[in-house]
Amino acid sequence: MSDASPVLATDARRVAVMTVLTVLAGAVDAVSFLTMGKVFCALATGNVLFLSFGLAGEGDVPVARPAVAIGAFMAGAAVAGVVLTRLAQRGRPWFPVGLVCEAVLLGCAGALALARHGTGAVPAQDDRGVVALVALAMGVRASTVLRVHVPGMPTLLSQTAIAELINDVLRRPRAAVRGMTAKQRLARTRWTATVGGIFCGGVLGTLLLVPLGTGRALLVIAAVVLVLAVVGVAGSPREREPGPHSP
């Protein structure tokens, strides 16, 4: 068991939690894009492009919604970065706090959507308040997982993981079956979980959550995030300050 160290076991638990959060990010973007007026609340890159299209006056793309989403995402990331850093410096459990904040914001967004638009199939097409709350929650998520620092698992995007996975397979084409160390298998698992998690989240969000309507869908996602925070299956990332070279 030369490579199967306790550290790797902890990493495996973190990978499991990050995978669930990645699936939820895909679900969030499915709900936001399909029911909130073609805006991404988790994938900030998409909003930057939408904003550029809108400002250029092409493609009938709105300016307000992506602008609100970008601003709220940045605000959530900034506030969470400061708060979580201070909690970590004091030895407080910063990771569950980050998840609870995310869940509360998503729950508030769901409640607001329900209050304004009910439980029917009519989406909250022009509700910038709902967009802002969801994007704020995703900004909090971004700072939370950045502190956990599970390499290759940002939970909000998959481009880098796709490139890493492809290059790893090209470097070791036969290593998918044999010849891989435990660390190499874990790295490939992270990249695969990120790509597959975003995809599965998008599919599940489209098929299961979108039919519920914006409000109820966001409440379901918030409940799952809250369960992750309460159960505390993240491998106790509060035990140490994650650094740029952490495993």
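Contact means heavy atoms within 4.5 Å. Helices are DSSP runs of H or I with at least four residues, numbered from the N terminus. This is a predicted model in which local features need pLDDT of at least 70 and side-chain atom pairs count only at pLDDT 80 or more, while totals for chains, interfaces and linings use all residues. Residues are numbered from 1 along each chain as its sequence is written, and side-chain values use heavy atoms, with hydrogens and water left out.

Leaving aside neighbours within four places in sequence, C41 is in contact with V28, D29, S32, M36, N47, F73, V131, V134, A135 and M138. C41 has 1% relative accessibility and therefore counts as buried (buried means under 20% relative accessible area, exposed over 50%, partly exposed in between, with a 1.4 Å probe and protein chains only). The C-alpha atoms of C41 and P66 are separated by 8.5 Å, and the two residues are 25 apart along the chain.

**View B. The aromatic cluster of F33, F40 and F50, linked by ring pairs.**
Rings of Phe, Tyr and Trp (its six-membered ring) pair if their centres lie within 6.5 Å; planes under 30 degrees apart count as stacked, over 60 as edge-to-face and the rest as tilted. By this rule the count comes to four aromatic pairs. F33 and F40 have ring centres 5.0 Å apart and planes at 20°, so this pair is stacked. F40 and F50 are also a stacked pair, at 5.6 Å centre to centre with 5° between the planes. Because F40 lies in the loop between α1 (6-35) and α2 (44-56) and F50 in helix α2, the pair ties together parts that are ten residues apart in sequence. F40 and F50 are both buried, whereas F33, at 26% relative accessibility, counts as partly exposed.

**View C. Packing of helix α4 (residues 94-117) on helix α5 (residues 128-148).**
The axes of α4 and α5 come within 9 Å and cross at roughly 165° (axes are lines fitted to C-alpha atoms, for helices over the stretch in contact, and angles run from 0 to 180 degrees between N-to-C directions). α4 and α5 are therefore roughly antiparallel to each other (angles under 35 degrees count as roughly parallel, over 145 as roughly antiparallel, 65 to 115 as roughly perpendicular and the rest as oblique). The crossing of α4 past α5 is left-handed (the near helix is turned anticlockwise from the far one by less than a right angle; clockwise is right-handed). Among the residues that meet are W94, F95, L105 and L112 in α4 and V130, L133, M138 and R147 in α5. By class, the contact of α4 with α5 has 17 nonpolar, three polar and three charged residues (Ala, Val, Leu, Ile, Met, Phe, Trp, Tyr, Cys and Pro count as nonpolar, Asp, Glu, Lys and Arg as charged, and the others, Gly among them, as polar).

**View D. Packing of helix α6 (residues 159-171) on helix α7 (residues 182-209).**
The axes of α6 and α7 are 9 Å apart, at an angle of about 135°, and the two helices are therefore oblique to each other. α6 passes α7 in a left-handed crossing. On α6 the contact is made by A161, I162, E164, L165, D168 and V169, and on α7 by R188, W191, T192, T194 and V195. The residues of this contact divide into six nonpolar, two polar and three charged.

**View E. S143 in helix α5.**
S143 is buried, with a relative accessible area of 10%. Leaving aside neighbours within four places in sequence, S143 is in contact with A77, A80, G81 and L84.
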